[in-house]
Amino acid sequence: MFTYSKAVAREFECDVLVIGGGPAGFGAAVAAARNGADTILIERNAMLGGMATTGLVGPFMTCYDDDCTEQIVKGVFDELCLRTEAKGGAIHPSKVDGMTTYSSYYIRSHCHVTPYLSEILALTMDEMVLEAGVKLLYNVQVVDAIREGNRITGVIAAMKEGLAIFRAKTFIDCTGDADVAYFAGAPTWSGDKANGLMQPATLFFEMGGLDREAFVGTLEEKKEKGELGIPAHNCWSWYLEEARKNGDWTLQRDEIGNYEMPIRNRWKMNCTRIPGVDATKTEDVTRGLIEGRKQVQEVMNFMRKYVPGCENAELVQVASALGIRETRHIVGKYELTISDIMEQKHFDDAICTFAYAVDVHDASGSGGRLQEVNHYYTIPFRCMVPVECENLLVSGRSICGSSEAAASYRVMPCCIALGEAAGVAAALGLKAGCEAADVDIPTLRATLIAQGAVIKE
């Protein structure tokens, strides 16, 4: 073991430090600052949005209940959608039905998705964070946490200038991997508790240059015949069977997810699968990116050879970050389970409402299941509170929840709502002179509702 000692000259201080500027971190920083907290947001990449921008993941999955009748994620998320739409960079979910080009011809779980342009979304996120008064710092990578007793006293991060320490009264870990909790020694687990397996990674990309009339016409014809959007008959599955027989398709995927964007004839593509990637390990991420780029080329070759309208299809861009579905989960004061979701368990400390299907991608990269939920469910505040580290909240996909439950709440609208709740809790705790974990729950819920969040009973 090598020991290294160095004085850290750069220091930053604030009320609330949000680590990670993905969907959860964006929601947390905006909410904390708007509620009066001096807030710093540090992000390791060059833009906000995480999976939605550097990962090119899209569209936002549904923010409606499972009956597709009521929007149940609003607040900061809805404002983001509306402001991005005003720039021509999104279509509000209220205007998007299932079984369309925007939903890759899925129905209920994809009804009322939000198509967007990642580059316009990132711009809107910048504006909202800065307007809220957040100090935003890009290209800052957290590398350690300093803990004294049950409190974090500082987070060490690498900047262009060298190492820096960020001190705060409250820390919100929105890294997606519970990095700060892990560095601080708070207990976590990875993937499925039973075997440690995690859902596979995906490398998204965008495609253009199609003959849209031929491309969409084929899908619409299948839809009219009732041969699309049913099990084993999703987009282009019939051509994949042929390509596999011909040796032109080796990927562990039986369909092509193609989601049209607000720019006509530009599509987000979700079809690569890279199993066995632990995104908390650099070697795994490196291998995943290399494999993902190879798979993108195989998908493009398949599209050009087999799919009508794609003869001259162009690869517009490939994500610079892997799409990661699961890594660490914190051990929190409550673990959300699949039973809680399916039974609509009541929580006195519920802080958001959600209803996306339980979307389990098999760890092997082949197959999975999509199970609809019962109307909607809520998530308790305690899921974001680690059993250790008094002044830390953990938000986003790494909250305390089973692997099956995470297969629903991991998607981005829910992460923004969770981040918003964490940010409001941090600000209220500072005003009340208590830790964020100990805020008055009725006050937290009332504040969230007053600011546009939906918390169903």
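This is a predicted model: local features need pLDDT of at least 70, side-chain atom pairs count only at pLDDT 80 or more; totals for chains, interfaces and linings use all residues.
1. Helix 2 spans residues 75–86 and helix 3 spans residues 118–131; their axes come within 10 Å of each other and cross at roughly 125 degrees. Angles over 145 degrees would count as roughly antiparallel and those from 65 to 115 as roughly perpendicular, so the two helices are oblique to each other. The crossing of helix 2 past helix 3 is right-handed.

2. On the helix 2 side, the contact is made by V76, E79, L80, R83 and T84. Their counterparts in helix 3 are I120, L121, T124, M125, E127, M128 and E131. Sorted by class, this contact has six nonpolar, four charged and two polar residues.

3. Helix 7 (residues 282–306) is 25 residues in length. From first C-alpha to last it reaches 36 Å, close to the 36 Å expected at 1.5 Å a residue.

4. The buried residues of helix 7 include D284, E298, Q295 and Y306, along with L289, V296, V299, M300, F302 and M303. G288 and G292 are also buried there. Among the elements covering these buried residues are helix 5 (212–224) and helix 6 (237–245), as well as strand 8 (205–208), strand 10 (267–270) and strand 11 (314–318).

5. G288 lies in helix 7. Its relative accessibility is 0%, so G288 counts as buried. Neighbours within four places in sequence aside, G288 is in contact with I274, V277 and L322. V277 is eleven residues from G288 along the chain, and the C-alpha atoms of the two are separated by 6.5 Å.

Key
Residues are numbered from 1 along each chain as its sequence is written. Side-chain values use heavy atoms; hydrogens and water are left out. Axes are lines fitted to C-alpha atoms, for helices over the stretch in contact, and angles run from 0 to 180 degrees between N-to-C directions. Helices (H or I, at least four residues) and strands (E, at least two) are DSSP runs, numbered from the N terminus. Angles under 35 degrees count as roughly parallel, over 145 as roughly antiparallel, 65 to 115 as roughly perpendicular and the rest as oblique. A crossing is left-handed if the near helix is turned anticlockwise from the far one by less than a right angle, and right-handed if clockwise. Contact means heavy atoms within 4.5 Å. Ala, Val, Leu, Ile, Met, Phe, Trp, Tyr, Cys and Pro count as nonpolar, Asp, Glu, Lys and Arg as charged, and the others, Gly among them, as polar. The expected span of a helix is 1.5 Å times one less than its number of residues. Buried means under 20% relative accessible area, exposed over 50%, partly exposed in between (1.4 Å probe, protein chains only).
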